[in-house]
Amino acid sequence: MGRQFDGGYAELTCVPVRQVIPFTSSLPWSVLGAVPEMLQTAYGSLTVGLDIQPGQTLLVRGATSSVGMAAAVLAKRKGLQVIGTTRNPASADRLQELGVDHVLVDDGPLARAVREIVPDGVDAALDLVGTPTLMDCLHATRVHGVVCMSGMLSNQWTLPDFYPTGDIPSGVRLTGYTGDATDLPAAVLQRFLDDVAAGTATVPIGKVLDLDEVQEAHRIMEAGTAGGKIVMVTASGRSS
C-alpha cells in the first residue's frame, strides 16, 4: 500500500484478500495499528532471513527503529542474547527496557566493539540501516553466521562496486528479506497480541497522532525522534 496501489493515507480502503490476517483482540486500534507491518518484517527477518535459534547471539543494527525494537522483543522471547545499536546514546535506556543485553552507539564501524562482547562474532546480524553498514555487519559475524539486510533507514539502496568474493568474509552468509503479509502466520499475530494484552510483550509505540497530523508524523520520522512506531489513527480509531 502506497507503493503498488493507493490507500496509504485513506480512512477507508480495499486491500487484496491475501493481505488480510484474522485476529481477535480488545486492544485499542492505536496499539493494533502498530503491530502487523512491524511484526511481519521483524518475524520474517528473524525466521526466513536469519533462521535464529535459542541461545544464539543477535546483532540488530538500527535497533531503535520500530522493526528493530520488535525484532529485539521477539529475539529475547526466544532466548537470544541481543546487541542493539543506536545513533542516540539517550536511547540506550529504552532498548534495555525492551531486553537488549548490550547497547552500542552507532558512530562508525562497530565490528571490533561487537567482537569485544562476542569474540568469535555474532551468530546472526539484522541490518536495518542498509548498505552503509552492511560490510561492517558482515565483519561482526562469525564463520557460518548469517547477516540479513531488511531495512534501508539510510535511504541508500545499492552497494557500489560490490565484489562478493572479496567483500564477504569467508564463510559468512548474506541474505535479504522483503516478504509480505503471507509470511506472518495468523497464529503468530494472535499469540503476540495476546501477550501484549497480558503484559508479557511490548509494542514499541513512539507517537500516536490523528490522520490530519500526517505532516507532523513525517517531521518526527525524518528527525528520528519518535522513539518507536508512529501510529496514525482516524476519528473512529480514537473513539473505539
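Where does Leu50 lie?

## Leu50 and the model

Leu50 lies in the loop between H2 and S1. This is a predicted model, in which local features need pLDDT of at least 70, side-chain atom pairs count only at pLDDT 80 or more, and totals for chains, interfaces and linings use all residues. Residues are numbered from 1 along each chain as its sequence is written, and side-chain values use heavy atoms, with hydrogens and water left out. Helices (H or I, at least four residues) and strands (E, at least two) are DSSP runs, numbered from the N terminus.

At 5% relative accessibility, Leu50 counts as buried. Buried means under 20% relative accessible area, exposed means over 50%, and partly exposed is in between (1.4 Å probe, protein chains only). Leu50 touches Ser45, Leu58, Ala124, Ala125, Leu126, Val146, Val147 and Cys148, not counting residues up to four places away in sequence. Contact means heavy atoms within 4.5 Å. Pro28 is 22 residues from Leu50 in sequence and 32 Å from Leu50 in space, C-alpha to C-alpha.

## Nonpolar cores

A nonpolar core is a set of buried Ala, Val, Leu, Ile, Met, Phe, Trp, Tyr and Cys residues joined through side-chain atoms within 4.5 Å. The largest has 45 residues. Leu46, Leu50, Leu58, Leu126, Phe192 and Val203 have the most contacts inside this core. At least two residues each come from helix H1 (29–32), H2, S1, H3, strand S4 (122–127), S5, H8 and strand S8 (229–233). H3 gives the largest share, eight residues. A second, separate core has 17 residues, including Leu110, Met149, Ile168 and Val172.

Phe192 touches Val35, Leu39, Val73, Leu74, Arg77, Ala201, Thr202 and Val203, not counting residues up to four places away in sequence. In H2, the buried residues are Met38, Leu39, Gln40, Thr41, Ala42, Gly44, Ser45, Leu46 and Gly49.

## The second largest pocket

Rolling a probe the size of a water molecule over the atoms shows where empty space is left. The search uses a 1 Å grid over the protein atoms alone. A cavity is a set of points where a 1.4 Å probe fits but cannot get out; a pocket is an open set with protein on both sides within 12 Å along at least five of seven lines. Lining residues have an atom within 4 Å of a point. Grid points are joined across faces, edges and corners, and a volume is the space filled by probe spheres set on the points.

The second largest pocket has a volume of about 230 Å³. Its lining is Leu39, Tyr43, Leu46, Thr47, Ile52, Leu74, Arg77, Lys78, Val188, Arg191 and Phe192. H2 gives the most, with four. The lining divides into seven nonpolar, one polar and three charged residues. Here Ala, Val, Leu, Ile, Met, Phe, Trp, Tyr, Cys and Pro count as nonpolar, Asp, Glu, Lys and Arg as charged, and the others, Gly among them, as polar.

Leu95 is found in helix H4 (residues 92–97). Leu95 is buried, with a relative accessible area of 0%. It touches Ala63, Thr64, Met69, Thr85, Thr86, Val100 and Val103, not counting residues up to four places away in sequence. Leu95 and Met69 are 26 residues apart in sequence and 7.4 Å apart in space, C-alpha to C-alpha.

Ser91 sits in the loop between strand S2 (81–86) and H4. It is buried too, at 17% relative accessible area. Ser91 touches Thr64 and Thr86, again leaving out residues up to four places away in sequence.

## Positive phi

Most residues other than glycine have a negative phi. Asp51 is found in the loop between H2 and strand S1 (57–61), and is partly exposed at 47% relative accessible area.

Asp161 also has a positive phi, near 55°. Its loop runs between strand S5 (141–149) and helix H7 (164–167). Asp161 is exposed, with a relative accessible area of 77%.

## One aromatic pair

Rings of Phe, Tyr and Trp (its six-membered ring) pair if their centres lie within 6.5 Å; planes under 30 degrees apart count as stacked, over 60 as edge-to-face and the rest as tilted. The count comes to one aromatic pair. The ring centres of Phe23 and Trp29 are 6.4 Å apart and the planes are at 80°, so the pair is edge-to-face. Phe23 is partly exposed at 32% relative accessibility, and Trp29 is partly exposed at 46%.
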